[in-house]
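Student: Could you show me how to read the packing of side chains in a protein model?
Tutor: Let us look at one together.

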Amino acid sequence: MPRHLSKLQTAREFEHQEASKIPPHARPGFHLTPLVGWMNDPNGFCYYNGCYHLFYQYHPYNTVWGPMHWGHAASADLLHWDYLPCALAPDTAADAAGCFSGSAVPLPDGQLLLLYTGVQPAGIGHKELQAQCVAVGDGRDFAKDAANPVITAAMLPAGYSAVDFRDPKIWQEGGQYYCVAACRHETEQGSILLFESPDGHTWHYLTVLDASHDALGKMWECPDFFALDGAQVLLVSPQEMRATADGEFHAGEGTVAILGRYDPATHAFARQSVQAIDYGLDFYAPQTTLAPDGRRIMVAWMQSWATAPSAPCAGGRPWFGRMTLPRELRVQNGRLYQTPVREIETLWHDKVELTGVTVEGCAALPGIGGRSVDLTVRVDAAASPACRRFTLRFAAGGALYNEIRCDLDRGELAFDRSHGGSRRDCAHTRHIQAAPKDGVLTLRLILDKDCAELFVNDGERALSAVLDTPPEAQGITFAAEGGAVRLDAVQHTLG
């Protein structure tokens, strides 16, 4: 007699069988990819029972977006991830059309609570509906609350959508639980709503923290809300953004950090500044957690919807999507800064350090190259007054290359992968502000096979991109235009 498997059991058996066919070298070295199939938003990022847990939006059966499950991995160091079985599958009336994005918080009894968006299928006279659901478990197996959904559209004030209502981020504070969730208002567009609960199961609506006002995208997704270095930070991922004249935001799906002040007594949040989180080509839906040592750590989906496949990758790899390298956050000079987690230093070996190098024209430097490296270049603009432009080419081989062009006199930087081998009709170049600080422009480039992450001026700006350049393209070169450039370079091979 054939066994009757639940949707969750079926997903777990499938992923276990198919993952065994994927050799470790077919994945990046330290960027998390799905066990099999499709990955998008990070979910439930938390520290629990002695390690970091990272769940993710997951369609195990295909390399394109499909009915959402929750994939699951755990790590002691944020670099080496062990896959755990699929955590959630769409198998109840409250989430039959998908277990969408959400978050996690440890409970006083030692269990882990997941708060996620359950999508209910469209019915007669209405579209798919979204509401927030709870599941509780031991960090591996989770039981869904019989009362799901626990936060419904009935709790929303007038004018808010039951169709676009998702992505709860939960935390505990002062003996209570709070969560922010994304919703669309009929006139204010993307909005972030605040809810409160005594136990994580019974919730009530408090207030609207902030809204797009039809200026920063149409719908805000994947909110996060936390205190950091004397400021309150609200992270959102807007859809349908318009590009801004100053280049801070590009058109399409973006990410925004709103820094401000928050009164926990009245739950009033007041903006003070607005900036992009990541200026790159592949970055969306960031989520943060607190490390045991107090660091605020962020991870994001290192992909874009513009480059996501719309059909299965025939003959290609059996997974799609990856997460960024986790990053430490800080607020400095009124900005959100981010740098790679310090744990990456445990991967360093074969250090190459070059000091006071003068580059005229184009040159390769001894010992500098590779596709799994942590490279920091300090361009001494003050000592290079004739140099108008400095260019760093990487992942270069034959006719293919990617490059970072720095116009030192204008304080601008272009990240360009248009010569990297892609044949897709999508954005391949980003331009950002990157002025020297005290006469020096600092570029830190981390490469992990087809992943590239750039941190400018010690994290003042960050830029993420996936590369199409084949792995055998290992070259890194330096070039100066207008006059010689003086620089220092330090490279660590990673592995």
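Student: Is Phe-320 buried or exposed?
Tutor: Phe-320 counts as buried, because its relative accessibility is 8%, and buried means under 20% relative accessible area with a 1.4 Å probe and protein chains only. Trp-38 is buried too, with a relative accessible area of 0%. Keep in mind that this is a predicted model, in which local features need pLDDT of at least 70, side-chain atom pairs count only at pLDDT 80 or more, and totals for chains, interfaces and linings use all residues. Residues are numbered from 1 along each chain as its sequence is written, and side-chain values use heavy atoms, leaving out hydrogens and water.

Student: How many aromatic pairs are there?
Tutor: Rings of Phe, Tyr and Trp (its six-membered ring) pair if their centres lie within 6.5 Å, and planes under 30 degrees apart count as stacked, over 60 as edge-to-face and the rest as tilted. The count comes to 19 aromatic pairs. One of them is the stacked pair of Trp-38 and Phe-320, at 5.2 Å centre to centre with 20° between the planes.

Student: Why does this pair tie together parts that are apart in sequence?
Tutor: Trp-38 lies in strand E1 (residues 37-48) and Phe-320 in strand E19 (residues 319-320), so the pair links parts 282 residues apart in sequence; strands here are DSSP runs of at least two residues, numbered from the N terminus.

Student: Which residues do ring pairs link into a cluster?
Tutor: Trp-171, Tyr-178, Phe-225, Tyr-262 and Phe-269 are linked in this way.

Conventions: Helices (H or I, at least four residues) and strands (E, at least two) are DSSP runs, numbered from the N terminus. Buried means under 20% relative accessible area, exposed over 50%, partly exposed in between (1.4 Å probe, protein chains only).
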